[in-house]
Amino acid sequence: MLRSAWSALARSVTAGARVAAAVEPAPLAGIKSTIFGTPVRHLSSETDPDAHRLAHLRNIGISAHIDSGKTTLTERILYYTGRIKDIHEVRGKDNVGAKMDSMELEREKGITIQSAATYTTWKDYNVNIIDTPGHIDFTIEVERALRVLDGAILVLCAVSGVQSQTITVDRQMKRYSVPRIAFVNKMDRAGANPWRVVDQIRTKLRQPAAAVQVPIGAEDSFRGVVDLIRNQAYYNDGAKGETVRVEPIPADLQEFVTEKRQELIEHLADVDEEIADLFLAEEQPTNDQLIAAVRRATVARKFVPVFIGSAYKNTGVQPMLDGMADYLPAPSEVENVALDTKNKDARVTLSSSSSAPFVGLAFKLEEGRFGQLTYVRVYQGTLAKGMTIFNTRTGKKVKVPRVVRMHSNEMEDVEGVGAGEICALFGVECSSGDSFTDGTTMVAMTSIHVPEPVVSLSLKPKGKDTANFSKALNRFQREDPTFRVAVDAESKETIISGMGELHLEIYVERLRREYNVDCVTGKPQVAFRETVTVKAPFYYTHKKQSGGSGQFARVIGFVEPSSEPLAGAEEDMAAAKSEDGLVKENQFVNQVVGGSIPTNFIPACEKGFVEACQKGPLTGNPIMGARLVLQDGLAHSVDSNELAFRTATLMAFREAMAKANAIVLEPIMSVNVTAPAKFQGPVMAGINKRKGTITDSEVQDEYVVIDALVPLNNMFGYSSDLRAVTQGMGEFTMEYLRHEPVLPNVQAELIKAYQEQRKLEQQQK
């Protein structure tokens, strides 16, 4: 309490220097307010006729670590909102499966592979819901869902709490500035402890959070929740929890509820002025003041209200839906920014009015029964059947033949949708991430973050190569930006790349099921990279004479790591680093003066550098984190041309690489292992055996959670080993973290294997 009082007092003293971050709830529409100092326009019924529609519209995503109960929760939401007539489990005995897991593979494996959208209503609110995968291999589905959503429900397991993928999802929500509420699920499980989970949200996710509910019982005795704001107890009655019974707070919980309500007020006082003032005056806020404060702080992304329940046991879902309506923002309360393509990509704040010029974003593609299905979020204006829209990337215009609302794999035809809505189109050819307008304005939405693939496989169809093979790979690439296809220039093999073994395994299986193409796969290949570690000069002359005009080009400069500051360069060229501070990008810097190399040949030099970076000299893998600085050169009035300078730069870079102490980098994975505590020793030994570094180990009741950093090359086959040492009870997840140098003995083995492979290929030729 003292902590809250002092922080609140400090805020009141510095109020004059503070930028307010309050967002009024929907009923107070028409008042101008700010989010992080940025004015946000709220529509009122006087200024816009669809203000009521926007105020009662929610676009939400459901995200979490794998197996936290996202799809099970979504199934209950659809049932309680009347969207489906019965409840089916993810791995149910009736062989039907959850509604949002419509793909056959999803129902077989019991995991979500593709995000699925649906439209439903709760009381007088219209709700667009996207259920996203929890497995890191399908992280792009979470990225593009969060890119277009206004709010999210972060689902956490009451036993496991904050896990590795929870942290990843939280980072994605922060990337797209998505407010969220948390739902602590699985309160019926042995070892359920919601207070530990709330504490982990504060410490591991660094999010101010507090419970807005208290559970009535736990584990086998869990039977309801108490609302800390309204001071009421909620119980679910009926065979499927469809009836909510409201009663007074149980007498044995009264003291605990009072304590937790005070804790909620204290944490709100840290993030909200009005509650802070009441707290300092030692006044108790009213229920309406608390609801308004939780909403302001949640929309401003300063606070996470935590709800409690068990989706599987049909308990606590309806109060959480009320919280979704009360605390998550309407589309008109979120600032959406586009880039003006005709004005040097100047930032333009979009209106939420349906009468404004149309602006939309195609965030997901699917191959439907009637052709390509394009999911679109309408940010501004109206999208109607029969209207002509323009693709701002390609400049092409297309007529919209059909607009539908999605319900998993089912669809409902509509004449059109207004601002803030999510819909799908047929007959519109585009790529994921394309922006559309009505032609009166040329703006583009900011792009979706696409992580780089880390695992590759060689792929070859059994028997004769069929047209279906190419058709399927082209389709998968259009749908999934993290799935890449390339043909190796030397071996002529088709190489597919993705986010993990499961990711590629799913696509190989889809090739067989959906296109009737059986494939043979090669050994998984890790996305090794090469880089330079020291500065190395080059002075290279390319001469070729074969009668008539020949080729001549001289290039002079040096190669160095791109993480090194570059003298005389602009500030933004000082270093090319990824978010974690490690080298990622290659740079070409032109410092030629005096015209020793004509300016029209400089782009050819850059092309030569880019081509050289595609295949390193040590292992044939791409080069990353290298900078080539071109300082001088020489051209011939007759024999110099673009090809000559491109070739000269390519050869000069390869020559410099030999002197720049090149090394091989490998992807390092962040691995999270959960297993019974009695197997802690064997699990740690297994990680050490794979050259892993254990960063954290925590025992939670009867389970141990181990975080480690392990080279991806050592993780193949780990699932089998883990099952063997934990009697099938251990599970793990992993995600790409960064590239780091391999051990010297590993580098020597990789170089030797590459040289032997090249020798074999030359003999075969």
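**Words and what they rest on**

Modeller: Let us begin with an open sheet of three strands, whose order is 15-14-26 and whose pairing is antiparallel; please keep in mind throughout that this is a predicted model.

Biologist: What makes strand 15 and strand 26 the edge strands here?

Modeller: Strand 15 (346-349) and strand 26 (443-445) each pair on one side only, and that is what the word edge refers to. Neighbouring strands in this sheet are turned against each other by 45° on average, direction ignored.

Biologist: How do you know that strand 14 and strand 26 pair?

Modeller: Two strands pair if there are at least two bridges between them, and strand 14 (residues 337-340) and strand 26 have three bridges, in the antiparallel sense. Within strand 26, Met445 is the bridge partner of Ala338.

Biologist: In the open sheet with the order 33-34-36-35, why do strand 33 and strand 35 stand at the edges?

Modeller: This sheet has four strands and mixed pairing. Strand 33 (536-544) and strand 35 (587-590) each have a single partner strand, so one side of each is left without a neighbour in the sheet. Strand 33 pairs with strand 34 (residues 551-561) over nine bridges in the antiparallel sense, and Pro537 stands opposite Phe558 in strand 34.

Biologist: Which helices lie across the strands of this sheet?

Modeller: Helix 14 (residues 602-613) lies across strand 34, strand 35 and strand 36 (626-634), and runs at about 155° to strand 35. Helix 15 (residues 642-657) lies across strand 33, strand 34 and strand 36, and runs at about 35° to strand 34.

Biologist: What angle do helix 3 and helix 11 make where they pack, and what is that arrangement called?

Modeller: Helix 3 (residues 70-80) and helix 11 (residues 317-327) pack at an angle of about 85°, with their axes 10 Å apart. Angles of 65 to 115 degrees count as roughly perpendicular, and therefore helix 3 is described as roughly perpendicular to helix 11. Leu73, Arg76, Ile77 and Tyr80 in helix 3 meet Val317, Gln318, Met320 and Leu321 in helix 11, and by class this contact has six nonpolar, one polar and one charged residues.

Biologist: Why is strand 5 called largely enclosed by the rest of the structure?

Modeller: Six of the seven residues of strand 5 (residues 125-131) are buried, so strand 5 is largely enclosed by the rest of the structure. Strand 3 (residues 57-64) runs parallel to strand 5 and is joined to strand 5 by six bridges, with Ile130 in strand 5 as the bridge partner of Gly61. Strand 4 (residues 116-122) pairs with strand 5 in the antiparallel sense over seven bridges, and Thr121 stands opposite Asn126 in strand 5. Strand 4 and strand 5 form a hairpin with two residues between them, and Lys123 in the turn has a positive phi of about 55°.

Biologist: How do you know whether Val704 counts as buried or exposed?

Modeller: Val704, which lies in strand 39 (residues 703-711), has a relative accessibility of 1%. Buried means under 20%, and therefore Val704 counts as buried. Leaving out residues up to four places away in sequence, Val704 touches several residues, including Val673, Pro676, Gln680 and Val699. Ala675 is another of the residues touched, and although Val704 and Ala675 are 29 residues apart along the chain, their C-alpha atoms are separated by 5.6 Å.

Terms used
Residues numbered from 1 in each chain as written. Predicted model: local features only at pLDDT ≥ 70, side-chain atom pairs only at ≥ 80, totals over all residues. Heavy atoms only, no water. Axes fitted to C-alpha atoms, helices over the stretch in contact; angles between N-to-C directions. Parallel < 35°, antiparallel > 145°, perpendicular 65-115°, else oblique. Contact = heavy atoms within 4.5 Å. Nonpolar A, V, L, I, M, F, W, Y, C, P; charged D, E, K, R; others polar. Buried < 20%, exposed > 50% of the residue type's maximum accessible area, 1.4 Å probe, protein only.
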